[in-house]
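Student: I would like to learn how to read the main features of a protein model. Can we go through one together?

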Amino acid sequence: MTGSPARTLLLWCPDWPVLAAEIVDGVPATGPVAVLHANRVVACSERARAEGVRRGLRKREAQGRCPQLTVVDYDPGRDTRAFEPVVAAVEELVAGVEVVRPGACAVAARGPSRYLGGEEAAAERIIEHVAQSCLVESQVGIADGVFAAGLAARAGRVVAPGGTPEFLAGLPVDALGRSALADLLRRLGVRTLGDFAALPAGDVLARFGFDGALAHRLAAGRDHRPLAVRQPPADLTVTAEHDEPIDRVDVAAFVARALAEQLHERLAGHGLACTRLGIEAVTEHGQELHRVWRHDGLLTAAAIADRVRWQLDGWLSGSSGRSGARPARPTAGIIRLRLIPDGVIAQAGLQAGLWGETGEERERAHRALSRVQGILGPEAVVTAVLGGGRSPADQVRLVPWGDERLPARPGPAPLPGEPITSGADRAASSGRPADRGGGAVPPWPGRLPAPAPAVVLPSPLAATVHDAAGEPVVISARLAVSAPPARLVVGTGQPTEIVGWAGPWPVDERWWAPAEARRRARFQVSLAGGAALLLAVEAGQWLVEAIYD
(Lines give C-alpha, C1' and ligand atoms only; values in the text may rest on other atoms or scores of the structure.)
Protein backbone atom coordinates (compact mmCIF):
# COMPACT_ATOMS: atom_id res chain seq x y z
CA MET A 1 0.00 0.00 0.00
CA THR A 2 1.35 3.36 -1.01
CA GLY A 3 -1.42 5.54 0.45
CA SER A 4 -2.21 6.15 4.09
CA PRO A 5 -4.31 3.48 5.86
CA ALA A 6 -8.05 4.05 6.09
CA ARG A 7 -9.61 5.27 9.31
CA THR A 8 -10.62 2.15 11.19
CA LEU A 9 -12.95 1.58 14.14
CA LEU A 10 -12.13 -1.57 16.10
CA LEU A 11 -14.29 -3.07 18.83
CA TRP A 12 -12.40 -5.17 21.39
CA CYS A 13 -13.88 -7.38 24.13
CA PRO A 14 -11.27 -7.84 26.90
CA ASP A 15 -10.52 -11.39 28.06
CA TRP A 16 -12.78 -12.83 25.40
CA PRO A 17 -11.80 -16.53 25.88
CA VAL A 18 -12.87 -16.16 29.52
CA LEU A 19 -16.18 -14.52 28.55
CA ALA A 20 -16.79 -17.19 25.91
CA ALA A 21 -16.32 -19.90 28.53
CA GLU A 22 -18.95 -18.15 30.66
CA ILE A 23 -21.38 -17.73 27.76
CA VAL A 24 -21.07 -21.28 26.41
CA ASP A 25 -20.05 -23.40 29.41
CA GLY A 26 -21.34 -21.30 32.32
CA VAL A 27 -17.93 -20.73 33.93
CA PRO A 28 -18.34 -17.54 36.03
CA ALA A 29 -15.99 -14.90 34.63
CA THR A 30 -16.15 -12.90 37.87
CA GLY A 31 -14.04 -15.52 39.65
CA PRO A 32 -10.38 -16.44 39.13
CA VAL A 33 -10.41 -18.12 35.70
CA ALA A 34 -7.57 -18.99 33.34
CA VAL A 35 -7.78 -20.37 29.80
CA LEU A 36 -4.91 -22.72 28.98
CA HIS A 37 -3.45 -23.88 25.68
CA ALA A 38 -0.45 -26.23 25.55
CA ASN A 39 -0.22 -25.99 29.37
CA ARG A 40 0.22 -22.21 29.28
CA VAL A 41 -2.17 -19.38 30.16
CA VAL A 42 -3.52 -17.60 27.07
CA ALA A 43 -6.18 -15.52 28.86
CA CYS A 44 -7.29 -14.92 32.43
CA SER A 45 -9.98 -13.02 34.28
CA GLU A 46 -9.51 -9.73 36.14
CA ARG A 47 -9.62 -11.44 39.52
CA ALA A 48 -6.99 -13.96 38.40
CA ARG A 49 -4.71 -11.09 37.34
CA ALA A 50 -5.18 -9.55 40.78
CA GLU A 51 -3.78 -12.80 42.23
CA GLY A 52 -0.68 -12.60 40.01
CA VAL A 53 -1.75 -14.80 37.08
CA ARG A 54 -0.35 -13.62 33.76
CA ARG A 55 -0.40 -14.78 30.16
CA GLY A 56 2.38 -17.23 29.36
CA LEU A 57 2.56 -18.81 32.82
CA ARG A 58 2.56 -22.57 33.08
CA LYS A 59 -0.45 -24.21 34.69
CA ARG A 60 1.35 -25.25 37.86
CA GLU A 61 2.85 -21.80 38.38
CA ALA A 62 -0.51 -20.11 37.79
CA GLN A 63 -2.19 -22.42 40.30
CA GLY A 64 0.61 -21.75 42.75
CA ARG A 65 -0.09 -18.03 42.59
CA CYS A 66 -3.87 -18.56 42.80
CA PRO A 67 -4.90 -21.87 44.44
CA GLN A 68 -8.61 -21.17 43.73
CA LEU A 69 -7.94 -20.80 40.00
CA THR A 70 -10.54 -22.36 37.66
CA VAL A 71 -8.78 -23.83 34.62
CA VAL A 72 -10.55 -23.95 31.24
CA ASP A 73 -9.17 -25.54 28.07
CA TYR A 74 -8.72 -23.25 25.08
CA ASP A 75 -11.38 -23.85 22.44
CA PRO A 76 -11.25 -21.57 19.35
CA GLY A 77 -14.55 -22.97 18.13
CA ARG A 78 -16.25 -21.94 21.36
CA ASP A 79 -14.74 -18.45 21.13
CA THR A 80 -15.95 -18.04 17.55
CA ARG A 81 -19.49 -19.26 18.25
CA ALA A 82 -19.86 -16.99 21.27
CA PHE A 83 -18.55 -13.97 19.34
CA GLU A 84 -21.01 -14.31 16.45
CA PRO A 85 -23.90 -12.52 18.31
CA VAL A 86 -21.53 -9.61 19.06
CA VAL A 87 -20.65 -9.27 15.35
CA ALA A 88 -24.34 -9.49 14.44
CA ALA A 89 -25.08 -6.69 16.94
CA VAL A 90 -22.39 -4.48 15.36
CA GLU A 91 -23.81 -5.23 11.89
CA GLU A 92 -27.18 -3.91 13.05
CA LEU A 93 -25.60 -0.43 13.21
CA VAL A 94 -22.82 -0.52 10.60
CA ALA A 95 -22.04 -2.49 7.46
CA GLY A 96 -18.79 -4.08 6.32
CA VAL A 97 -17.53 -5.78 9.48
CA GLU A 98 -14.26 -7.73 9.50
CA VAL A 99 -13.70 -10.26 12.28
CA VAL A 100 -10.04 -9.79 13.19
CA ARG A 101 -10.17 -12.65 15.70
CA PRO A 102 -12.75 -13.89 18.24
CA GLY A 103 -13.17 -10.91 20.57
CA ALA A 104 -12.22 -8.19 18.06
CA CYS A 105 -13.90 -6.86 14.91
CA ALA A 106 -13.21 -3.81 12.76
CA VAL A 107 -15.13 -1.55 10.39
CA ALA A 108 -14.25 1.47 8.29
CA ALA A 109 -14.85 4.51 10.49
CA ARG A 110 -15.91 6.87 7.72
CA GLY A 111 -19.50 5.66 7.35
CA PRO A 112 -20.45 5.31 11.05
CA SER A 113 -18.87 8.66 11.90
CA ARG A 114 -21.04 10.38 9.29
CA TYR A 115 -24.47 9.05 10.19
CA LEU A 116 -23.89 8.56 13.95
CA GLY A 117 -22.61 12.07 14.63
CA GLY A 118 -18.83 11.75 14.60
CA GLU A 119 -16.23 9.17 15.53
CA GLU A 120 -16.59 9.45 19.31
CA ALA A 121 -20.38 9.36 19.09
CA ALA A 122 -20.19 6.28 16.84
CA ALA A 123 -17.87 4.53 19.30
CA GLU A 124 -20.19 5.25 22.23
CA ARG A 125 -23.26 4.12 20.28
CA ILE A 126 -21.67 0.81 19.25
CA ILE A 127 -20.43 0.06 22.78
CA GLU A 128 -23.88 0.80 24.22
CA HIS A 129 -25.67 -1.31 21.61
CA VAL A 130 -23.40 -4.33 22.15
CA ALA A 131 -23.86 -4.05 25.91
CA GLN A 132 -27.65 -3.93 25.61
CA SER A 133 -27.94 -6.64 22.95
CA CYS A 134 -25.33 -9.13 24.16
CA LEU A 135 -24.64 -8.12 27.79
CA VAL A 136 -20.95 -7.88 26.87
CA GLU A 137 -18.57 -5.11 27.88
CA SER A 138 -16.34 -3.79 25.11
CA GLN A 139 -13.96 -0.98 24.20
CA VAL A 140 -13.54 0.85 20.91
CA GLY A 141 -10.44 2.39 19.39
CA ILE A 142 -10.20 4.49 16.24
CA ALA A 143 -6.97 5.10 14.34
CA ASP A 144 -5.40 4.86 10.88
CA GLY A 145 -5.29 1.12 10.11
CA VAL A 146 -6.43 -2.06 11.85
CA PHE A 147 -3.22 -2.60 13.83
CA ALA A 148 -3.18 0.88 15.35
CA ALA A 149 -6.94 0.77 16.00
CA GLY A 150 -6.49 -2.45 17.95
CA LEU A 151 -3.89 -0.85 20.20
CA ALA A 152 -6.08 2.24 20.56
CA ALA A 153 -9.01 0.03 21.61
CA ARG A 154 -7.02 -1.35 24.53
CA ALA A 155 -6.64 2.20 25.78
CA GLY A 156 -10.13 3.28 24.70
CA ARG A 157 -8.70 6.11 22.57
CA VAL A 158 -9.66 7.92 19.40
CA VAL A 159 -6.41 8.82 17.66
CA ALA A 160 -6.64 11.98 15.58
CA PRO A 161 -6.30 11.58 11.80
CA GLY A 162 -2.62 11.60 10.87
CA GLY A 163 -1.52 11.07 14.48
CA THR A 164 -1.16 7.29 14.30
CA PRO A 165 2.68 7.22 13.86
CA GLU A 166 3.08 9.48 16.88
CA PHE A 167 0.66 7.31 18.90
CA LEU A 168 2.57 4.15 18.02
CA ALA A 169 6.06 5.58 18.56
CA GLY A 170 5.88 5.49 22.35
CA LEU A 171 4.56 1.92 22.65
CA PRO A 172 6.93 -0.96 23.56
CA VAL A 173 7.91 -3.47 20.93
CA ASP A 174 5.83 -6.12 22.75
CA ALA A 175 2.77 -4.45 21.18
CA LEU A 176 3.72 -6.14 17.89
CA GLY A 177 2.48 -9.46 19.28
CA ARG A 178 5.65 -11.26 18.23
CA SER A 179 7.42 -12.39 21.38
CA ALA A 180 10.56 -13.77 19.69
CA LEU A 181 11.05 -10.62 17.58
CA ALA A 182 10.35 -8.35 20.55
CA ASP A 183 12.90 -10.17 22.69
CA LEU A 184 15.53 -9.89 19.95
CA LEU A 185 14.82 -6.19 19.43
CA ARG A 186 15.17 -5.45 23.14
CA ARG A 187 18.53 -7.20 23.23
CA LEU A 188 19.60 -5.04 20.28
CA GLY A 189 18.57 -1.88 22.16
CA VAL A 190 15.36 -1.27 20.18
CA ARG A 191 12.68 -0.87 22.85
CA THR A 192 9.82 1.12 21.29
CA LEU A 193 7.88 0.98 18.05
CA GLY A 194 9.26 4.40 17.16
CA ASP A 195 12.83 3.11 17.43
CA PHE A 196 11.93 0.12 15.29
CA ALA A 197 10.14 2.23 12.67
CA ALA A 198 13.19 4.51 12.36
CA LEU A 199 15.37 1.64 11.08
CA PRO A 200 15.92 1.43 7.29
CA ALA A 201 13.38 -0.90 5.68
CA GLY A 202 16.03 -2.70 3.60
CA ASP A 203 18.17 -3.46 6.64
CA VAL A 204 15.12 -4.78 8.53
CA LEU A 205 14.24 -7.11 5.66
CA ALA A 206 17.81 -8.39 5.39
CA ARG A 207 18.13 -8.97 9.16
CA PHE A 208 14.65 -10.12 10.24
CA GLY A 209 13.08 -11.51 7.07
CA PHE A 210 9.61 -10.93 5.64
CA ASP A 211 7.78 -11.19 8.96
CA GLY A 212 10.12 -8.62 10.45
CA ALA A 213 9.53 -6.35 7.45
CA LEU A 214 5.78 -6.66 7.96
CA ALA A 215 6.16 -5.80 11.65
CA HIS A 216 8.29 -2.81 10.61
CA ARG A 217 5.46 -1.52 8.43
CA LEU A 218 2.96 -1.91 11.26
CA ALA A 219 5.26 -0.10 13.70
CA ALA A 220 5.39 2.83 11.27
CA GLY A 221 1.59 2.97 11.06
CA ARG A 222 1.31 1.46 7.57
CA ASP A 223 -1.09 -1.49 7.37
CA HIS A 224 -0.23 -4.18 4.85
CA ARG A 225 -3.81 -4.76 3.63
CA PRO A 226 -7.27 -3.14 3.57
CA LEU A 227 -10.21 -4.36 5.60
CA ALA A 228 -11.52 -7.76 4.52
CA VAL A 229 -15.18 -7.16 5.29
CA ARG A 230 -17.62 -10.03 5.52
CA GLN A 231 -21.00 -10.18 3.86
CA PRO A 232 -23.88 -10.48 6.36
CA PRO A 233 -25.76 -13.76 5.82
CA ALA A 234 -28.94 -13.33 3.83
CA ASP A 235 -32.20 -14.01 5.65
CA LEU A 236 -33.65 -16.87 3.61
CA THR A 237 -36.33 -17.95 6.06
CA VAL A 238 -39.97 -17.63 4.94
CA THR A 239 -42.87 -17.37 7.39
CA ALA A 240 -46.64 -17.49 7.03
CA GLU A 241 -49.04 -16.19 9.70
CA HIS A 242 -52.64 -17.39 9.79
CA ASP A 243 -55.53 -15.79 11.64
CA GLU A 244 -57.57 -18.97 11.34
CA PRO A 245 -55.79 -22.02 12.81
CA ILE A 246 -54.99 -24.75 10.28
CA ASP A 247 -56.36 -28.13 11.40
CA ARG A 248 -57.20 -29.75 8.03
CA VAL A 249 -54.73 -31.50 5.78
CA ASP A 250 -56.15 -30.06 2.53
CA VAL A 251 -55.75 -26.49 3.80
CA ALA A 252 -52.24 -27.32 5.00
CA ALA A 253 -51.34 -28.64 1.53
CA PHE A 254 -52.42 -25.38 -0.09
CA VAL A 255 -50.40 -23.31 2.40
CA ALA A 256 -47.36 -25.60 1.95
CA ARG A 257 -47.27 -25.12 -1.82
CA ALA A 258 -47.45 -21.33 -1.63
CA LEU A 259 -44.77 -21.13 1.05
CA ALA A 260 -42.51 -23.60 -0.79
CA GLU A 261 -42.65 -21.53 -3.99
CA GLN A 262 -41.80 -18.41 -2.01
CA LEU A 263 -38.76 -20.11 -0.44
CA HIS A 264 -37.59 -21.51 -3.77
CA GLU A 265 -37.80 -18.08 -5.43
CA ARG A 266 -35.83 -16.49 -2.59
CA LEU A 267 -33.11 -19.14 -2.85
CA ALA A 268 -32.97 -18.83 -6.63
CA GLY A 269 -32.53 -15.08 -6.30
CA HIS A 270 -29.28 -15.73 -4.39
CA GLY A 271 -28.16 -18.54 -6.74
CA LEU A 272 -28.70 -21.18 -4.05
CA ALA A 273 -30.48 -24.50 -3.69
CA CYS A 274 -31.66 -26.23 -0.53
CA THR A 275 -30.43 -29.65 0.60
CA ARG A 276 -31.68 -29.61 4.22
CA LEU A 277 -35.01 -28.05 5.16
CA GLY A 278 -36.21 -27.10 8.62
CA ILE A 279 -39.99 -26.95 9.17
CA GLU A 280 -41.29 -25.10 12.22
CA ALA A 281 -44.91 -24.72 13.29
CA VAL A 282 -46.58 -22.96 16.22
CA THR A 283 -50.09 -23.90 17.33
CA GLU A 284 -52.80 -21.64 18.71
CA HIS A 285 -51.94 -22.84 22.22
CA GLY A 286 -48.26 -21.98 21.82
CA GLN A 287 -47.01 -25.52 21.15
CA GLU A 288 -43.87 -25.51 18.98
CA LEU A 289 -43.18 -28.29 16.47
CA HIS A 290 -39.94 -28.75 14.59
CA ARG A 291 -38.58 -31.26 12.07
CA VAL A 292 -35.57 -31.26 9.73
CA TRP A 293 -35.73 -32.96 6.33
CA ARG A 294 -32.57 -33.94 4.48
CA HIS A 295 -32.13 -34.76 0.83
CA ASP A 296 -29.07 -36.02 -1.03
CA GLY A 297 -30.03 -33.97 -4.10
CA LEU A 298 -31.38 -30.47 -4.68
CA LEU A 299 -34.85 -29.70 -3.32
CA THR A 300 -37.02 -28.19 -6.04
CA ALA A 301 -40.12 -26.12 -5.31
CA ALA A 302 -42.31 -29.20 -5.76
CA ALA A 303 -40.06 -31.30 -3.54
CA ILE A 304 -40.12 -28.64 -0.81
CA ALA A 305 -43.90 -28.43 -1.05
CA ASP A 306 -44.24 -32.22 -0.81
CA ARG A 307 -42.12 -32.43 2.31
CA VAL A 308 -43.95 -29.59 4.01
CA ARG A 309 -47.27 -31.19 3.12
CA TRP A 310 -46.17 -34.60 4.38
CA GLN A 311 -44.90 -33.12 7.59
CA LEU A 312 -48.10 -31.17 8.23
CA ASP A 313 -50.07 -34.30 7.39
CA GLY A 314 -48.02 -36.22 9.94
CA TRP A 315 -48.56 -33.60 12.61
CA LEU A 316 -52.27 -33.03 11.97
CA SER A 317 -53.02 -36.76 11.55
CA GLY A 318 -51.13 -37.81 14.68
CA SER A 319 -52.62 -39.91 17.46
CA SER A 320 -54.89 -38.39 20.09
CA GLY A 321 -52.70 -39.50 22.97
CA ARG A 322 -53.42 -43.25 22.97
CA SER A 323 -50.56 -45.68 22.59
CA GLY A 324 -49.52 -46.15 19.01
CA ALA A 325 -46.76 -45.62 16.50
CA ARG A 326 -47.76 -42.06 15.61
CA PRO A 327 -46.80 -39.07 17.74
CA ALA A 328 -49.50 -37.20 19.62
CA ARG A 329 -51.61 -34.78 17.61
CA PRO A 330 -51.26 -31.06 18.45
CA THR A 331 -53.88 -29.77 20.87
CA ALA A 332 -54.81 -26.88 18.54
CA GLY A 333 -54.49 -25.76 14.93
CA ILE A 334 -51.36 -24.23 13.41
CA ILE A 335 -51.21 -20.43 13.25
CA ARG A 336 -47.59 -19.90 12.18
CA LEU A 337 -45.51 -21.90 9.70
CA ARG A 338 -41.85 -21.24 8.97
CA LEU A 339 -39.46 -22.83 6.47
CA ILE A 340 -35.74 -22.58 7.22
CA PRO A 341 -33.16 -23.59 4.57
CA ASP A 342 -30.79 -25.23 7.04
CA GLY A 343 -28.40 -26.44 4.34
CA VAL A 344 -27.79 -24.57 1.08
CA ILE A 345 -25.35 -24.99 -1.78
CA ALA A 346 -24.71 -23.15 -5.03
CA GLN A 347 -27.36 -23.89 -7.61
CA ALA A 348 -26.12 -26.33 -10.24
CA GLY A 349 -27.98 -28.05 -13.03
CA LEU A 350 -28.33 -31.83 -13.05
CA GLN A 351 -27.21 -33.73 -16.15
CA ALA A 352 -30.10 -35.64 -17.63
CA GLY A 353 -29.69 -39.32 -18.45
CA LEU A 354 -29.16 -40.59 -21.98
CA TRP A 355 -32.56 -42.33 -22.13
CA GLY A 356 -34.58 -40.02 -19.91
CA GLU A 357 -34.56 -38.00 -16.73
CA THR A 358 -31.99 -38.74 -14.08
CA GLY A 359 -33.11 -41.06 -11.27
CA GLU A 360 -36.90 -40.96 -11.76
CA GLU A 361 -37.43 -44.34 -10.08
CA ARG A 362 -35.06 -43.41 -7.29
CA GLU A 363 -36.89 -40.11 -6.76
CA ARG A 364 -40.26 -41.88 -6.54
CA ALA A 365 -38.89 -44.29 -3.96
CA HIS A 366 -37.37 -41.41 -2.03
CA ARG A 367 -40.69 -39.55 -2.01
CA ALA A 368 -42.56 -42.60 -0.73
CA LEU A 369 -40.08 -43.31 2.07
CA SER A 370 -39.95 -39.64 3.01
CA ARG A 371 -43.70 -39.58 3.39
CA VAL A 372 -43.54 -42.56 5.73
CA GLN A 373 -40.99 -40.62 7.76
CA GLY A 374 -43.31 -37.64 7.91
CA ILE A 375 -46.01 -39.83 9.45
CA LEU A 376 -43.98 -42.16 11.71
CA GLY A 377 -40.88 -40.09 12.44
CA PRO A 378 -37.33 -39.98 11.01
CA GLU A 379 -36.15 -43.13 12.81
CA ALA A 380 -38.91 -45.25 11.28
CA VAL A 381 -37.05 -45.65 7.95
CA VAL A 382 -33.35 -46.49 8.09
CA THR A 383 -30.74 -47.63 5.59
CA ALA A 384 -27.46 -49.46 6.05
CA VAL A 385 -24.10 -47.79 5.50
CA LEU A 386 -20.92 -49.82 5.18
CA GLY A 387 -17.76 -48.60 6.87
CA GLY A 388 -14.61 -49.74 8.58
CA GLY A 389 -14.09 -51.96 11.59
CA ARG A 390 -12.81 -55.39 12.48
CA SER A 391 -16.07 -57.28 13.07
CA PRO A 392 -19.22 -57.56 10.94
CA ALA A 393 -21.27 -55.64 13.50
CA ASP A 394 -18.84 -52.70 13.43
CA GLN A 395 -18.89 -52.42 9.63
CA VAL A 396 -22.61 -51.64 9.29
CA ARG A 397 -24.37 -48.50 10.58
CA LEU A 398 -28.09 -47.76 10.27
CA VAL A 399 -28.93 -44.13 9.48
CA PRO A 400 -32.35 -42.50 8.97
CA TRP A 401 -33.45 -42.24 5.36
CA GLY A 402 -32.31 -38.97 3.84
CA ASP A 403 -29.50 -38.34 6.35
CA GLU A 404 -25.90 -38.12 5.22
CA ARG A 405 -24.64 -41.63 4.57
CA LEU A 406 -21.42 -41.33 6.50
CA PRO A 407 -19.89 -44.46 8.05
CA ALA A 408 -19.22 -44.50 11.77
CA ARG A 409 -15.64 -45.57 11.02
CA PRO A 410 -13.51 -44.78 7.95
CA GLY A 411 -13.48 -47.48 5.32
CA PRO A 412 -10.64 -49.99 5.21
CA ALA A 413 -7.65 -50.20 2.92
CA PRO A 414 -7.43 -53.21 0.61
CA LEU A 415 -7.32 -56.50 2.44
CA PRO A 416 -4.08 -58.46 2.64
CA GLY A 417 -4.02 -61.80 0.97
CA GLU A 418 -3.88 -63.90 4.11
CA PRO A 419 -5.51 -63.66 7.55
CA ILE A 420 -3.33 -62.38 10.40
CA THR A 421 -1.90 -65.27 12.36
CA SER A 422 1.76 -64.62 13.18
CA GLY A 423 3.07 -62.98 16.35
CA ALA A 424 4.24 -59.88 14.49
CA ASP A 425 0.86 -59.59 12.77
CA ARG A 426 -0.93 -60.01 16.09
CA ALA A 427 0.88 -56.92 17.32
CA ALA A 428 -0.29 -55.08 14.22
CA SER A 429 -3.90 -56.20 14.83
CA SER A 430 -3.94 -54.75 18.34
CA GLY A 431 -5.42 -51.46 17.11
CA ARG A 432 -2.61 -49.17 18.30
CA PRO A 433 -2.80 -45.76 16.68
CA ALA A 434 0.77 -46.00 15.38
CA ASP A 435 -0.14 -49.12 13.39
CA ARG A 436 -2.67 -47.30 11.21
CA GLY A 437 -0.13 -45.54 9.07
CA GLY A 438 -0.11 -41.95 7.92
CA GLY A 439 -3.13 -42.09 5.60
CA ALA A 440 -6.60 -40.76 6.39
CA VAL A 441 -8.11 -44.25 5.93
CA PRO A 442 -6.98 -46.83 8.52
CA PRO A 443 -6.09 -50.28 7.22
CA TRP A 444 -8.08 -52.06 10.02
CA PRO A 445 -5.59 -54.93 10.38
CA GLY A 446 -7.20 -58.05 11.79
CA ARG A 447 -10.59 -57.38 10.23
CA LEU A 448 -12.65 -60.26 8.95
CA PRO A 449 -11.55 -61.33 5.45
CA ALA A 450 -13.95 -61.68 2.53
CA PRO A 451 -16.50 -63.05 1.93
CA ALA A 452 -18.61 -61.30 4.54
CA PRO A 453 -21.21 -63.36 6.44
CA ALA A 454 -24.80 -63.19 5.18
CA VAL A 455 -26.45 -62.78 8.61
CA VAL A 456 -24.96 -60.82 11.50
CA LEU A 457 -26.69 -61.61 14.78
CA PRO A 458 -27.77 -58.52 16.75
CA SER A 459 -26.73 -60.31 19.97
CA PRO A 460 -24.15 -63.13 19.80
CA LEU A 461 -25.39 -66.55 20.92
CA ALA A 462 -23.58 -68.42 23.68
CA ALA A 463 -22.05 -71.72 22.56
CA THR A 464 -19.67 -74.46 23.66
CA VAL A 465 -17.04 -76.21 21.55
CA HIS A 466 -15.68 -79.69 22.41
CA ASP A 467 -12.90 -81.80 20.98
CA ALA A 468 -13.15 -85.42 19.83
CA ALA A 469 -12.76 -86.65 23.43
CA GLY A 470 -15.62 -84.47 24.67
CA GLU A 471 -13.40 -81.96 26.48
CA PRO A 472 -14.01 -78.21 26.10
CA VAL A 473 -11.71 -76.51 23.61
CA VAL A 474 -9.82 -73.60 25.20
CA ILE A 475 -7.53 -70.92 23.77
CA SER A 476 -4.38 -69.93 25.65
CA ALA A 477 -3.06 -66.38 26.02
CA ARG A 478 -0.57 -67.20 23.23
CA LEU A 479 -3.44 -68.33 20.98
CA ALA A 480 -2.67 -72.00 21.25
CA VAL A 481 -5.73 -74.23 20.67
CA SER A 482 -5.97 -77.05 23.23
CA ALA A 483 -7.37 -79.53 20.63
CA PRO A 484 -9.02 -79.43 17.19
CA PRO A 485 -12.71 -78.44 17.50
CA ALA A 486 -14.99 -81.43 16.82
CA ARG A 487 -18.51 -80.60 18.09
CA LEU A 488 -20.50 -77.38 18.58
CA VAL A 489 -23.47 -76.81 20.87
CA VAL A 490 -25.38 -73.53 20.46
CA GLY A 491 -27.31 -72.60 23.60
CA THR A 492 -29.31 -75.61 24.76
CA GLY A 493 -29.45 -77.23 21.30
CA GLN A 494 -28.12 -80.56 20.10
CA PRO A 495 -24.41 -81.08 19.37
CA THR A 496 -23.39 -80.62 15.73
CA GLU A 497 -20.25 -82.09 14.18
CA ILE A 498 -17.60 -79.64 12.97
CA VAL A 499 -16.18 -80.83 9.64
CA GLY A 500 -13.81 -77.92 9.00
CA TRP A 501 -12.41 -74.91 10.80
CA ALA A 502 -9.95 -72.04 10.39
CA GLY A 503 -8.37 -69.71 12.93
CA PRO A 504 -7.72 -68.37 15.43
CA TRP A 505 -7.60 -64.77 14.19
CA PRO A 506 -6.87 -62.50 17.15
CA VAL A 507 -8.10 -58.95 17.70
CA ASP A 508 -6.91 -56.81 20.63
CA GLU A 509 -8.66 -53.42 20.36
CA ARG A 510 -8.39 -50.15 22.32
CA TRP A 511 -6.02 -51.56 24.90
CA TRP A 512 -5.21 -47.99 25.99
CA ALA A 513 -8.86 -47.40 27.17
CA PRO A 514 -9.70 -49.99 29.87
CA ALA A 515 -13.44 -49.29 29.72
CA GLU A 516 -13.50 -49.96 25.94
CA ALA A 517 -10.78 -52.60 25.65
CA ARG A 518 -11.75 -55.83 23.92
CA ARG A 519 -9.64 -58.93 23.29
CA ARG A 520 -10.97 -61.92 21.40
CA ALA A 521 -10.11 -64.59 18.83
CA ARG A 522 -12.32 -65.57 15.89
CA PHE A 523 -12.86 -68.91 14.12
CA GLN A 524 -14.69 -69.94 10.97
CA VAL A 525 -16.29 -73.39 11.24
CA SER A 526 -18.16 -75.62 8.78
CA LEU A 527 -20.84 -77.91 10.21
CA ALA A 528 -21.99 -81.31 9.05
CA GLY A 529 -25.35 -79.96 7.86
CA GLY A 530 -23.64 -77.58 5.42
CA ALA A 531 -23.90 -74.42 7.53
CA ALA A 532 -20.91 -72.18 8.20
CA LEU A 533 -20.58 -69.97 11.27
CA LEU A 534 -18.33 -67.24 12.58
CA LEU A 535 -17.34 -67.97 16.18
CA ALA A 536 -15.50 -65.83 18.67
CA VAL A 537 -13.82 -66.61 21.99
CA GLU A 538 -13.88 -63.78 24.50
CA ALA A 539 -13.02 -64.13 28.22
CA GLY A 540 -13.18 -67.91 27.85
CA GLN A 541 -16.72 -67.88 26.39
CA TRP A 542 -17.54 -69.15 22.90
CA LEU A 543 -20.00 -67.00 20.94
CA VAL A 544 -21.75 -67.31 17.56
CA GLU A 545 -21.41 -63.90 15.89
CA ALA A 546 -22.60 -64.46 12.31
CA ILE A 547 -23.82 -67.03 9.80
CA TYR A 548 -22.43 -67.60 6.30
CA ASP A 549 -24.72 -68.31 3.36
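Student: How many helices and strands does the protein have?
Tutor: This is a predicted model. The protein contains 15 helices and 19 strands.

Student: Which strands does β14 pair with, and in which sense?
Tutor: Strand pairing is read from bridges between two strands. Strand β14 (residues 455–466) runs antiparallel to strand β19 (residues 541–548), and five bridges join them. Within this pair, L461 stands opposite V544 in β19. β14 also pairs with strand β15 (residues 487–490), again in the antiparallel sense, over four bridges. There, V465 stands opposite L488 in β15.

Student: What share of the residues counts as buried?
Tutor: Of 549 residues, 40% count as buried. The accessible surface of the protein comes to about 29,500 Å², and carbon and sulfur atoms account for 53% of that surface.

Student: What volume does the largest pocket have, and which residues lie nearest its centre?
Tutor: Rolling a probe the size of a water molecule over the atoms shows where empty space is left. Here the largest pocket has a volume of about 1,200 Å³. Its lining consists of 36 residues, and W12, R55, R101, R154 and G177 lie nearest the centre. Elements that give two or more residues to this lining include β1 (7–12), α4 (76–91) and α11 (201–219). The largest share, five residues, comes from α7.

Student: How do the lining residues of the largest pocket divide into nonpolar, polar and charged?
Tutor: The lining of the largest pocket has 21 nonpolar, four polar and eleven charged residues.

Methods:
Residues numbered from 1 in each chain as written. Predicted model: local features only at pLDDT ≥ 70, side-chain atom pairs only at ≥ 80, totals over all residues. Heavy atoms only, no water. 1 Å grid on protein atoms, 1.4 Å probe; cavity = no way out; pocket = protein on both sides within 12 Å on 5 of 7 lines; lining within 4 Å. Points joined across faces, edges and corners; volume = space filled by probe spheres on them. Nonpolar A, V, L, I, M, F, W, Y, C, P; charged D, E, K, R; others polar. Buried < 20%, exposed > 50% of the residue type's maximum accessible area, 1.4 Å probe, protein only. Areas by Shrake-Rupley, 256 points an atom, 1.4 Å probe, with all protein chains shown as cover.
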